[in-house]
Amino acid sequence: MDLVPVIDIGPLRDRSEAGLIRVASEVGAAARDIGFFAVANHGVPAAIVDAMYAAARAFFALPVDVKDELAIERSPQYLGYARTELERLDPARPGDAKESFNMGRERAADDPDVLAGTPFVGPNQWPRMPGFRAPMLRYFEALASVGLDIHRAIATDLGLPADYFDGAYDRSLSALRVLHYPPHPGTFDGTQYGAGPHTDYGGVTLLAQDDAGGLEVRRRDGEWIGVAPVAGTFVCNVGDAMMRWTNDVYVSNAHRVVNRSGRDRYSAAFFCEPNPDAVIACIPACAGPGGAAKYPPISFADYLRSRLEPTYR
């Protein structure tokens, strides 16, 4: 964890101005360097995390045909169950050795974005099992709050008002993915990963991982390093939308998963993603000489589509 610092983000909840500046400085330093850090004192009760894990383990223990009733291919919003090897984060390699369940924010039938057919907005697919939906929704809402706190720190680090990103997340496409990785078969030879090398798509990602380990991050010199689990923390990393917003001031770094533990690995990734129509364009304060931007403006829905469609082909 030498290159992945642990940051106490308690002051973000306390609304301490001095604390916000301190946290913003630490978050900014990590975001500019390796693009990863862990957050402690985040305010999410352990009981909410434990209930999420218990529900996830129970779901993944269901028969495959029952889980396949929620197949992600049936959802235009990419919500539901993705069976083992369906996802291919590295198109040059075999499908990833993991299964997952994806959910978004629960929306009412008369939600304006639902009625308008807004891209990536639609109903969650829920399994026919008790004790799953409620803990997942509680966890989702708790992590959404942490994600917005971290965006306040990011805005402050960039010299912007602390609420700068609020309007880009009030109808967010944020998603929760719970994952099950079976033990890696045999000696890892680089052929098949639990999750192939990739970057994330949104603003930031918050990852809960059990004590099996397996997350690896690529350093700037190309070497891969393990990110050991630290009890009571979430691993946070910068996503592509934030890197584009900051004109590469922040780095969305490649990471992968290899489950070398010899046992099942469970994790939960919360993707804090902007509104579908949020325009991801260079923040003026991050522009290069002459106001140069490295990326053209793009709506987040269009960017998300460009990344998801190749992953599930």
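Begin with the largest pocket, which holds about 360 Å³ of space. Of its 20 lining residues, select Gln209, Val230, Ala231, Gly232 and Thr233, the closest to its centre. A pocket here is an open set of points on a 1 Å grid over the protein atoms alone, with protein on both sides within 12 Å along at least five of seven lines, and lining residues have an atom within 4 Å of a point. The volume is the space filled by probe spheres set on the points, which are joined across faces, edges and corners.

This is a predicted model, in which local features need pLDDT of at least 70 and side-chain atom pairs count only at pLDDT 80 or more, while totals for chains, interfaces and linings use all residues. Residues are numbered from 1 along each chain as its sequence is written, and side-chain values use heavy atoms, with hydrogens and water left out.

Next, select helix H3 (46-60), which gives the largest share of the pocket lining, five residues; helices (H or I, at least four residues) and strands (E, at least two) are DSSP runs, numbered from the N terminus. Alanine 47 is found in H3. Alanine 47 is exposed, with a relative accessible area of 55% (exposed means over 50%, buried under 20%, partly exposed in between, with a 1.4 Å probe and protein chains only). Its C-alpha atom is separated by 9.7 Å from that of proline 135, 88 residues apart along the chain.

Centre on methionine 136: not counting residues up to four places away in sequence, its contacts (heavy atoms within 4.5 Å) are Met52, Ala55, Ala56, Met103, Trp126, Leu176 and Val178.

Then display the one cavity of 30 Å³ or more found in the whole structure; a cavity is a set of grid points where a 1.4 Å probe fits but cannot get out. About 640 Å³ of space lies within this largest cavity. Among its 45 lining residues, Ala175, Arg177, Tyr201, Phe271 and Glu273 lie nearest the centre. Strand E5 (175-181) is one of the elements giving two or more residues to this lining, and its five residues are the largest share.

Finally, select arginine 107, in the loop between strand E4 (99-104) and helix H5 (112-115). A polar atom of the arginine 107 side chain lies 2.9 Å from the backbone oxygen of serine 172.

Definitions and conventions: Polar contact = N/O pair within 3.5 Å; in protein donor to acceptor, adjacent residues only side chain to side chain.
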